[in-house]
Amino acid sequence: MRNRILGLAAAGVAVFAAMSAEAAEVNVYSYRQPFLVEPLFKAFTDKTGVAVNVVFAKKGLIERLKSEGAASPADLIFTVDIGRLHDAMKAGVVEPVKTSALAANIPASLRDPDGNWYGLTTRARLFFVSRDRVPEGSIKTYEQLTDPKWKGRICTRSGKHVYMIALTASMIAHHGKEKAEAWLAGLKDNLARRPQGNDRAQVKAIHAGECDISIGNHYYYQKMLDDPKQKPWAESVRVVFPNQDGRGAHVNISGASLVKGAPNRDNAIALLEFLSSKEGQGLYANVNGEYPVSTDVKGPDMLAAFKADTLSLARVAALREEAGRMADRVDYDG
């Protein structure tokens with residue numbers, strides 16, 4: 001864990017003129033990797049003169065906020081996955097905020113109805129399929145993952161991982177508990193091996209001939225292409241966005257929440273608004289290869305535009321516990 005203070009710019013802009021010159025800073029606790037957020041924070045500082053102080057960590061930030069309580073210097077917490085944002089809300093370490101800019105910039109399905117968290121980028125949960133062994137058009141939906149023709153041909157990570165939990169929760173929302181559980185059991189029946197590894201490990205398994213289909217976040221495709229060792233893995237698969245003729249592909253988010261009792265509340269809100277603006281969204285998408293939440297900003301060039309599921313992620317968050325119990329009931333990882 002380390003702390004970084006990004007540079008100050010001399011001048012601000014009119015919209016931020018009301019900010020106190022004595023408190024021209026905002027403190028961020030971030031699970032997001034430094035290289036993903038530092039360019040965004042620097043752009044904000046250059047534009048406003050407000051310094052961004054950041055503590056980076058791989059885990060434990062919610063516990064740290066709980067321990068610090070009212071004495072915490074943190075203003076914002078940044079993380080990935082709706083589950084982790086929801087966990088911060090449940091822990092009581094964040095507070096709601098609503099502004100007309102945030103409401104205009106971020107679709108309702110990608111923010112908490114009460115303003116406790118906001119999505120800043122989206123990531124599609126799609127299929128990686130073997131170019132050699134899976135004909136084009138032979139799998140188009142999440143529901144088709146249970147087709148007997150795929151028995152012994154699918155690889156996934158753990159059913160208890162937050163990405164799989166969110167997908168399962170979305171299936172519960174769309175189909176109800178009974179049908180969603182039958183789907184999860186059917187998917188397990190089609191697995192080529194016991195769930196293991198991360199999203200890239202599944203594509204590696206496809207390249208090795210261990211399976212033919214995997215589920216993963218879209219941005220790993222470009223990351224693998226950019227890695228000489230992993231490039232052959234990526235070149236062995238084709239990307240399929242599921243459910244394009246129906247509700248659209250399941251998406252998750254990276255996002256942020258205002259910390260309860262934030263000492264630099266106005267600056268924190270200004271940073272949120274900047275990151276949700278057209279300028280901020282363009283920077284965010286270019287830096288990390290995720291899709292912008294703003295419909296006014298073009299997504300990454302590596303993959304075509306796609307139809308996204310507009311199911312509220314607040315609904316997905318509310319069903320996460322049931323999704324976790326469901327994974328246990330079908331013994332998905334067994």
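Predicted model: local features only at pLDDT ≥ 70, side-chain atom pairs only at ≥ 80, totals over all residues.

Me: Why is Y163 called buried?

Reply: Buried means under 20% relative accessible area (exposed is over 50%, partly exposed in between; 1.4 Å probe, protein chains only). Y163 has 8%, so it counts as buried. Its place is in helix α5; helices are DSSP runs of H or I with at least four residues, strands are runs of E with at least two, and both are numbered from the N terminus.

Me: Which residues does Y163 touch, leaving out those up to four places away in sequence?

Reply: V80, D81, R123, R125, R157, D199, N217 and Y219. Contact here means heavy atoms within 4.5 Å.

Me: What makes α5 oblique to α6?

Reply: Helix α5 (residues 162-175) and helix α6 (residues 177-189) pack at about 140°, with axes 7 Å apart. Angles under 35 degrees count as roughly parallel, over 145 as roughly antiparallel, 65 to 115 as roughly perpendicular, and the rest as oblique. That makes α5 oblique to α6. The axes are lines fitted to C-alpha atoms, for helices over the stretch in contact, and angles run from 0 to 180 degrees between N-to-C directions. Among the residues that meet are M164 and L167 in α5, and W183 and L184 in α6.

Me: And what is the term for α5 against α13?

Reply: The axes of α5 and helix α13 (residues 320-329) cross at roughly 105° and come within 8 Å. That makes α5 roughly perpendicular to α13. On the α5 side, I165, T168, A169 and I172 take part in the contact.

Me: How do you know that strand β3 is largely enclosed?

Reply: 6 of the 6 residues of β3 (residues 51-56) are buried, so the rest of the structure largely encloses this strand. Both faces are covered, with A51, N53 and V55 on one side and V52, V54 and F56 on the other.

Me: What makes β2 and β3 a pair?

Reply: Two strands pair if DSSP finds at least two bridges between them. Strand β2 (residues 25-30) and β3 have 6 bridges, in the parallel sense, so they meet that rule. S30 stands opposite F56 in β3.

Key. Residues numbered from 1 in each chain as written. Heavy atoms only, no water.
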